[in-house]
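Subject: Structure handover and what was found in it

Dear colleague,

I am passing the structure on to you with this message, and below it you will find my notes on what was found. Please read them with the model open beside you.

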Amino acid sequence: MKTKNKLIPLRTRIPNVKTIAIILLSLIALITSRCAKDRLVSDAIVSKTLSANSPDLQKRLEAIKKSYEQQKLQQKLQPKKIDKISWTPDWDHPKIQVVNDSVSYVFYQLLGQVDVNGKHQIAKQINGRLYLMVKNELDFYKAFYYDPKIDPNEKINKNTKEFDLKSFTGNLLLSSLQNGGNYLLDYSNGRLSDSYRKKGVLAVKKMQSVKGTTSYWQQECNSVVRNCTFSSLSPSWCGGSVNIVFSPTCSWPQSTCGDVYSLVDSDEAVVCEDVWYPDPPTDPGDGGSGGGGGGDGEFQPVALARTITIDPNTRPCLESIKNAVVNAAEFSVTMASLLKQVHNDNTKAQNAVLALANNTNISITLGEKTIPYQTVTNPDGTTSVRETHGETDPITGNIKLNTLVLNEASDLAVAATLIHEMMHSYFVWGANNLTGEEAMAFSDLNRYLFDQEDGTPHPYNYPELGAMQHMQMAETYVNSMANILATVAASKGIGASPDTSISLGEYCRDIFWGSLQQTSGLDAPNAARSKANSEREYKNQTGSTGKNDCQP
Amino acid sequence: MIKNMIFSIAIVGSAHCIATQNTPELKDESIIINKVIDIVSDKEVRPKSVFISEQLLSNLDRYLTNQEGEKKSDSLSLLIQGKWNYLKEVKSDSYSMAWKQLLLSKAALDKNHVGNKIKADDVRLSTVQFSPDGTKAFVVYSRTSKNITQTTVFFFFEKKNGIWAHTAHYIPFFD
């Protein structure tokens, strides 16, 4: 029998259609929301990992510094045997790298400050180099790079150089400043060694085979790594710098210059040698710099001494300041780092700097002239005083420093002015006088820096070129200029900032910002402080680093 | 009554100003400055007015001081040694600090133009320096921010067939 009730009228079927539609819609909505959620999660991961391009980079770097201070980790870095040496992170020059897209490392070199007759001097680190390493903005490590195969009998002499991390081959000892764990990593030519990589595979396999084990390293920690730290504690007779010498065999350093070394620290770290340190970093020079224009492990320093000649009508004392600036290895490295930003090609950048440094026709003259301080009446009735520290010819690159500034400013302020003008000068000289790819590198740098919309370089007489160069200095490489100045300061025996609230690097940055906050139109990170510190040096006020080379 | 008097004085004053603006040299000055603004505001919205003061000529003095005793062969030096040689006579010990405001003609570029607006008090120019025969002109352009000079440019113009044409412009120095 056919029953009517099996025939469902359309009207009664509608609710079922509705139900199906609702279910379908819900499913679609669920899938869509899952996808959207996945995308959001993915975006969150991308933005969560700190990188040199993070929009909130400065804020996060400041948070790292604050966390370090709040946890009082500085105390854990201090040598045990002597209080004349202190290790301070170089906060101004963070080096950031991202590993496996999700793990960030920030490296700060630990500057060894040695108290020499009440003045702090930055020591040269021999046979090893110390860093503060911060993993994922949370975990703090003392990172010690050293060569375990170093000859303990090798004597310190005039040619002994600071430990170089370029193409690093050796060990990295990571010591947690928070939980005391130690890890030993092995590198070959700047990369993790093959043997260490194999350990990673073994570690994963072993972890999988031992049920319930999440931390395999706990079972294998039985090796002891020793390290002794020695220092000359005063300027060495070999080259004049204070030396800190690391020794994995704790052999007392011998010097051909008659220096006497003291043991300032010793460590015995229990290391889990077979442990795979998750997402290990490469070396600190890799992965870019947060400070702009860094990455000093990437380029060979080039001597720029022959690029600048002193005008015979200039006071002779300027020669000493000029030499300190052109001999600062950071100068050529900064130039190369800036050139690299255009094509991301290390070789091209390095060659362009070499072409500039080795050009036999280079003839940038450094002279002086009086540029009167000018009182200007503004349209609004106020007055401004225009104090020009120096000027650069946009065609020849010739530099003239203001005689009035040379008369009254400290040597450090004169060096800062020279560095500022040399940046203008090298840019225009390179673009106008070199040929081929090297000239193009400098031209392209102008194009890149000044971002003309149609892709062609701005002509040298582009009306806003001067303002744009200042803007670029302030935006891109003021920290690198400060780094150069800090090196010049060290070579002149200035080891600490006269403003005791900040490091020497920050003080040097303030000196540049004193002018740049006016000429670039951009705000300095700390406008009032940089103005005060800049004036202190330019007017050689009480407490400035002083005038030694150029007296009025 | 007093209101009417003030109003009348204001009208007479304005008429006087307009009459003064009509002298041929000031008309040329206006043409030249409008051309400068066309060049410098290439990608920006030109201001409605600019400020002019003689004191900006001190930048020319500063440049000329550099040239003393030096033989240079770059384009800027050649112009000042050549057709614009009269500029060497411009030097003064005391330039006027007074400012005048020049209203600019409205350029077609302004319509639908997307760009940063240049603030009137950030654009400053010197008074235009004409050659004795009235066929050459020179003016200093300065861009400022918060009353601080950020860039200085020298502009050169030449009158050909009764029309002022832009010859060249140069940045005399980077500070």
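In this predicted model, the side chain of A:D411 reaches the backbone nitrogen of A:N548 at 2.8 Å, a polar contact being a pair of N or O atoms within 3.5 Å, where within protein one must be able to donate a hydrogen and the other to accept it, and residues adjacent in sequence count only if both atoms are side-chain atoms. A:D411 lies in helix α8 of chain A, where helices are DSSP runs of H or I with at least four residues and strands are runs of E with at least two, numbered from the N terminus. Because its relative accessibility is 9%, A:D411 counts as buried, a word that stands for under 20% relative accessible area, with exposed over 50% and partly exposed in between (1.4 Å probe, protein chains only). Leaving out residues up to four places away in sequence, A:D411 touches A:I321, A:G546, A:K547, A:N548, A:D549 and A:C550, contact meaning heavy atoms within 4.5 Å. The C-alpha atoms of A:D411 and A:D549 are separated by 6.5 Å, although the two residues are 138 residues apart along the chain.

Helix α8(A) also lies across β14, β15, β18 and β19 of chain A, running at about 155° to β19(A); axes here are lines fitted to C-alpha atoms, for helices over the stretch in contact, and angles run from 0 to 180 degrees between N-to-C directions. Those four strands form an open sheet of mixed pairing in the order β14-β15-β19-β18, two strands being paired if DSSP finds at least two bridges between them. At its edges are β14 (308–310) and β18 (390–392) of chain A, each of which pairs on one side only. Three bridges join β14(A) to β15(A) (residues 364–369), and these two run parallel, with A:I308 opposite A:I364. Helix α4(A) (residues 318–326) packs on this sheet as well, touching β14, β15 and β19 (399–402) of chain A, and its direction makes about 170° with that of β14(A).

The buried residues of helix α12(A) pack against α7 (403–408), α8 (411–433) and α11 (504–519) of chain A; among them are A:R529, A:N533 and A:Y538.

Elsewhere in chain A, all eight residues of strand β6(A) (residues 128–135) are buried. A:G128, A:L130, A:L132 and A:V134 point one way from β6(A), while A:R129, A:Y131, A:M133 and A:K135 point the other way. Strand β6(A) pairs antiparallel with β7(A) (residues 139–146) over eight bridges, and the two form a hairpin with three residues between them, where A:N136 in the turn has a positive phi of about 50°. Five bridges join β6(A), again antiparallel, to β3(A) (residues 103–116).

Please treat chain B with care: its mean pLDDT, the predictor's confidence in each residue from 0 to 100, is 79, and 73% of the residues score at least 70. Over residues 5–22 of chain B the pLDDT is below 50, and beyond near neighbours in sequence this stretch has three contacts in the model. The model scores ipTM 0.78 and pTM 0.57.

Residues are numbered from 1 along each chain as its sequence is written, and chains are lettered from A and ligands numbered from 1 in the order in which they are written. Local features need pLDDT of at least 70 and side-chain atom pairs count only at pLDDT 80 or more, whereas totals for chains, interfaces and linings use all residues, and side-chain values use heavy atoms, with hydrogens and water left out.

With best wishes
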